[in-house]
Amino acid sequence: METKNLRFETKLIHSGEPSPLIERAVTMPIFQSSTYEIAGDDTGEINYNDIRYVRLNNTPNHLALHEKISQIEQGEAAVVSSSGMASITSTLLGLIGPGEHLIAQDNLYGGTLHFLKEFFPRLGREVTFFPAEDTEKLKSVLKTNTRAVYVESVSNPLLKVPELKAVIKFAKEHGLLSMIDNTFPSPVNFNPIPFGFDVVLHSATKYLNGHSDVVAGAMVSNKELVKKIMPLFNHLGGSLDPHACFLLHRGLKTLGVRVRAQNASAYKVAKALQKCSKVSRVIYPGLESHSDHVRAREWFKGFGGMVSFEFDGTVEQADAALKKLKIPRLAPSLGGIESLYVRPATASHSGVPRLEREKLGIKDTLVRVSIGLEDADDLIEDFIQALN
Ligand SMILES: *Cc1c(COP(=O)(O)O)cnc(C)c1O
């Protein structure tokens, strides 16, 4: 079925599905086969270019998933991989060659930031960081060998939304590729490609799969760029195995209902936390008090399922209170059906010295919550009993 002109929810269910159905199965089966017979073409000649192999990302499970993900992000093509970091590192190395330069936002996901700082230069690439809140600085870090700009649509854990319009304008003016990690909003809340970005990256581990049972990544772009980087994806070998493809494929079908419910619950929890006397500050892009609320309201369809807050007290008091939580678990990662929380100073930002953390606005008593699909009122009651 041609689904390009259908709406988002219908694409989630029907894009990339086999047509006709395979053995009349209404669900895409798992092709648990590492390799495939080399077929002859119409003339009966063997076609040795027709090699299908899991590492080449071209089995039926891969192709179905690529089509579904590219359509929901409104791109032309996609490639999945064995983690968000596999997608991010393979894409960066594939699109930025030795001797070329990347401009990246400064407060990136920890793994991406570390890769760019430690390994990018060793691999002959250059990187300069710009402050996410100051796109005026972009011009001053532009070089003759600059090839691309890299940002995240929503930052962790302060949930900041950079001036994405200014980033795209700058990239277009200087002939640069624009790349964005769209993990936090998910394609439900934001589609960067129609907005103007060239390349979209996802940790599919998070909202796309949504059930905390798969680690996967995705890259979406136009046909030409995906074709260009495919050989590197194939050689670096971070391919997603067929069973994980199946789980991600299944998880995607409920992405719309999950994320919309998480948007609604997160807003309710954020509002309730604002009224809690043990909370000195609530950080949620859906609140008018958030520094980037206006941008988020203008560009996003929803404000997401992530809420951060500062506990009013010492770190020890914060930990003692959090320990009393019955529903959310203390665990890294996000975007799943169960609520999780971390104190970023001890998790994602534990490697950043305390003074630097404070400069970034990340206090030791800051708590980041990934809102799941539990009843929002149960979550609120749980936070109130624990924090008070
Ligand atoms: C988790 C995450 C990643 C890394 O993804 P993995 O699937 O863990 O490799 C990259 N970017 C963002 C924004 C993330 O939250």
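**Notebook: pockets, a cavity and the ligand**

I began with the lining of the largest pocket, whose residues divide into 10 nonpolar, 7 polar and 7 charged; here Ala, Val, Leu, Ile, Met, Phe, Trp, Tyr, Cys and Pro count as nonpolar, Asp, Glu, Lys and Arg as charged, and the others, Gly among them, as polar. I note that this is a predicted model, in which local features need pLDDT of at least 70 and side-chain atom pairs count only at pLDDT 80 or more, while totals for chains, interfaces and linings use all residues. Residues are numbered from 1 along each chain as its sequence is written, and side-chain values use heavy atoms, with hydrogens and water left out.

I then looked up the volume of the largest pocket, which is about 650 Å³ (the space filled by probe spheres set on grid points, joined across faces, edges and corners). A pocket is an open set of points on a 1 Å grid over the protein atoms alone, with protein on both sides within 12 Å along at least five of seven lines, whereas a cavity is a set of points where a 1.4 Å probe fits but cannot get out; lining residues have an atom within 4 Å of a point. The largest pocket has 24 lining residues, and Asp106, Leu113, His349, Val352 and Leu360 lie nearest its centre. Helix α4 gives the most to this lining, with 5 residues (helices are DSSP runs of H or I, at least four residues, numbered from the N terminus).

The largest cavity has a volume of about 90 Å³, and of its 13 lining residues Val154, Phe184, Pro185, Phe303 and Gly304 are the closest to its centre.

Where does the ligand sit? The space it takes is the second largest pocket (a molecule sits in a pocket if more than half of its atoms lie within 2 Å of the grid points). Among the residues around the ligand are Tyr109, Asp181 and Phe184, each with a heavy atom within 4 Å of it. Helix α3 (residues 84-95) supplies the largest share of this shell, 3 residues.

Finally I looked up polar contacts, pairs of N or O atoms within 3.5 Å. Oxygen atoms of the ligand lie 2.8 Å from a polar side-chain atom of Ser203, 2.6 Å from one of Thr205 and 2.8 Å from a side-chain N or O atom of Lys206. Taken alone the ligand exposes 380 Å², of which the protein buries 90% (areas by the Shrake-Rupley method with a 1.4 Å probe).

Methods
Polar contact = N/O pair within 3.5 Å; in protein donor to acceptor, adjacent residues only side chain to side chain. Helix = DSSP H or I, 4+ residues; strand = E, 2+ residues; numbered from the N terminus.
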